[in-house]
Amino acid sequence: MTWKVEVDERACVASGLCTGIAPDHFALEGRAATVKNPEIDPDDDVLDAAGGCPGMAISVTENGRDLLA
Ligand code: SF4
């Protein structure tokens with residue numbers, strides 16, 4: 001089981017929340033967060049980061065299914 005993680009750079013407001021919650025998965029070095037690895041093993045920290053993202057910029061899917069829906 002693999003999750004696909006993406007950040008919409010246009011929606012990211014560079015809050016840094018995702019890097020605080022899941023620093024193994026997100027980095028913030030410029031004006032938008034980036035995903036360190038677009039395909040990951042399931043990790044609840046990533047869901048927490050995505051759910052709390054103020055820009056709703058993070059998507060997490062499994063076989064095309066939106067895990068935040
Ligand atoms: S939590 Fe959302 S808005 Fe904040 S840095 Fe991460 S992707 Fe960007």
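Two strands count as paired if DSSP finds at least two bridges between them. The exercises below concern a predicted model.

**Exercise 1.** Determine the strand order of the open sheet and identify the strands at its edges.

*Solution.* Step 1: the open sheet has four strands, in the order E4-E1-E5-E6, and their pairing is antiparallel. Step 3: between E1 and E5 the antiparallel pairing extends over four bridges, and Glu 6 is opposite Ser 59 in E5. Step 4: helix H2 lies across E1, E4 and E5, and runs at about 135 degrees to E5.

**Exercise 2.** Describe the shell of residues around the ligand by its members, its secondary structure and its classes.

*Solution.* Step 1: the ligand is surrounded by 16 residues, of which Cys 12, Ser 15, Cys 18, Cys 53 and Gly 55 are the closest. Step 2: at least two shell residues come from each of helix H1 (17-21) and strand E2 (26-28). Step 3: by class, 13 residues of the shell are nonpolar, three are polar and none is charged.

**Exercise 3.** Locate Ala 14 and Met 56, and decide whether each is buried, partly exposed or exposed.

*Solution.* Step 1: Ala 14 belongs to the loop between strand E1 (3-7) and H1, and its phi is positive, near 55 degrees, although the residue is not glycine. Step 2: burial requires 20 or more other C-beta atoms within 10 Å, and exposure 12 or fewer. Ala 14 has 15 such neighbours and is therefore partly exposed. Step 3: Met 56, in the loop between helix H2 (44-52) and strand E5 (58-62), is also a non-glycine residue with positive phi, about 50 degrees. Because 14 other C-beta atoms lie within 10 Å, Met 56 is partly exposed.

How values were computed
Residues numbered from 1 in each chain as written. Predicted model: local features only at pLDDT ≥ 70, side-chain atom pairs only at ≥ 80, totals over all residues. Near = placed C-beta within 6 Å. Nonpolar A, V, L, I, M, F, W, Y, C, P; charged D, E, K, R; others polar. Contact = placed C-beta atoms within 7 Å. Axes fitted to C-alpha atoms, helices over the stretch in contact; angles between N-to-C directions.
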